[in-house]
Amino acid sequence: MTLDALVHETKDHLGHGIAVASDLLVDHASGCQVYMTNGQAYLDLTSGIGVTSTGHCHPTVVKAVQAQACKISHSQINMFYSQPLLTLIQRLKRYTGSLDTFCFNNSGSEAVESAIKLARHATKRPNIIVFEGGHHGRTLGALALTGSTTIFSAGFGPLMSGVYYVSYPNPFHCSSKARPGHTNEHCIQFVMNQLDNLFKQRCPPNDVAAILIEPVLGEGGYVPAPPGFFQCLRAVCDAHGILLIADEVQTGFGRTGRMFAMEHWGVEPDILVMAKGIASGYPLSAIAARKALMDTQPSGSMGGTYVGNVIACAAAVATLTVFEQEKLLSNVQARSAELLLRLRDELPHVLPSTIEVDIRGLGLMVGLEFAGAPVGFAERVTQYARDNHRLLLLTASIYETLRLIPPLIIDQTTLDDAITRLIAAVQDVVQDLADDGQWLAEK
């Protein structure tokens, strides 16, 4: 049986709930390139959905993993300590400020649920407030907190109770955007008013354990919170004894040009959730909080069979070494400026007058929303990018939005190549549109 035939035969035996974007069969990867079994190389602007921040198979990470695998592969955390775990905690403390105590998990969803468990333990309150458009995971508890799209939660109810939603401050979709003199302050005040009404009408603040938020919406479309918002949110939490949880699963570990995105606003959360880029592709996640907060939990109330896996911890330590030795944060800041400048200079000019593009983001977490585009526009860009230009892209949100999340090691030449391929793919899709901006096939 050929490899292509094996792919097609295996489709019938992979759970239908798992969506696979193409029939490509990967062989290996290096840096920003992914190589298929047919020998073709694809330039990767997905990083495994924000995971392989140090690039695919970074030599420093590979060496650390190989060395640890020769010693012990599963050092169960309830049985004894491991050196990679101890080293990782010491290294993480350099970046987490007063949040000096850690609890480890395997995935972002698990870490989010650990944060909720900690918040409920510490405050002895039941309720959690989250934001529309936020994505916090696919496990049953995390699903109740996820408002990016209904595909993740449809049919899985009843979900966890005690969850309340308010709007995320999204300037591009602000209800008062069309009013003369509109500023980000209008968006912020709109959300603050919603919180105030929620406290008065449905959920008294002394029943709220935590407010959970992504500093930059992930699946919700790569929308950074506007300046000043987190100061307002911090003030609300402090006034009512509510814990502020920052879900930095996707924004953490340099993705936005700071080690953690909350640094952009100078606001420290009570609980910090991290995953994805923490270990360059190995399953590891964690929450960080002050020791006094962590100490409110009974011993044995947290954990799991694989949490703090010794190989994943070794990979995480090596990941931090790469960050420091190769000055990845500086590279992210430089590449981000180049990416945003070129996109804003070139992308609007290849679109018809019926489509407006909002180019936004922080660091190398950039969203492109095509307002006025027909349904399926963004998805077709990803298809044409992959099939015509060997560029890997992802969509996001309920709107026509692309997200760009290249490895943080990407250099200027590779980034320029990626932008050229991206714009070419958009031009390809534009050729499929009629004069009124709708699909030609639908006329």
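1. R342 and D416 form a salt bridge, defined as a side-chain nitrogen of Lys or Arg within 4 Å of a carboxyl oxygen of Asp or Glu, and their closest N and O atoms are 3.7 Å apart. R342 belongs to helix 11 (residues 328-346) and D416 to helix 13 (residues 412-430), so the pair ties together parts that are 74 residues apart in sequence. Helices (H or I, at least four residues) and strands (E, at least two) are DSSP runs, numbered from the N terminus. R342 is buried, with a relative accessible area of 19%, whereas D416 is partly exposed at 30%. Here buried means under 20% relative accessible area, exposed over 50%, and partly exposed in between (1.4 Å probe, protein chains only).

2. The model is predicted: local features need pLDDT of at least 70, side-chain atom pairs count only at pLDDT 80 or more, and totals for chains, interfaces and linings use all residues. Residues are numbered from 1 along each chain as its sequence is written, and side-chain values use heavy atoms, with hydrogens and water left out.

3. A search of the whole structure finds 18 salt bridges. One of them joins E268 to R290 at 2.9 Å, N to O. This pair links distant parts of the chain, 22 residues apart: E268 lies in the loop between strand 8 (243-248) and strand 9 (271-274), and R290 in the loop between strand 10 (285-289) and helix 9 (291-294). E268 and R290 also belong to a network of salt bridges with R234, D238 and D270.

4. Within helix 7 (residues 184-201), D196 and K200 lie four residues apart, about one turn of the helix. Their salt bridge has its closest N and O atoms 3.0 Å apart. D196 is partly exposed, with a relative accessible area of 34%, while K200 is exposed at 64%.

5. Seven strands make an open sheet of mixed pairing in the order 4-10-9-8-7-5-6; two strands pair if DSSP finds at least two bridges between them. Strand 4 (101-105) and strand 6 (163-166) stand at the edges with a single partner strand each, so one side of each is left without a neighbour in the sheet. Strand 8 and strand 9 pair in the parallel sense over four bridges, and D247 has V273 in strand 9 as its bridge partner.

6. Helix 4 (residues 83-92) packs on the sheet, touching strand 4 and strand 9, where contact means heavy atoms within 4.5 Å. The direction of helix 4 makes about 125° with that of strand 4; axes are lines fitted to C-alpha atoms, for helices over the stretch in contact, and angles run from 0 to 180 degrees between N-to-C directions.
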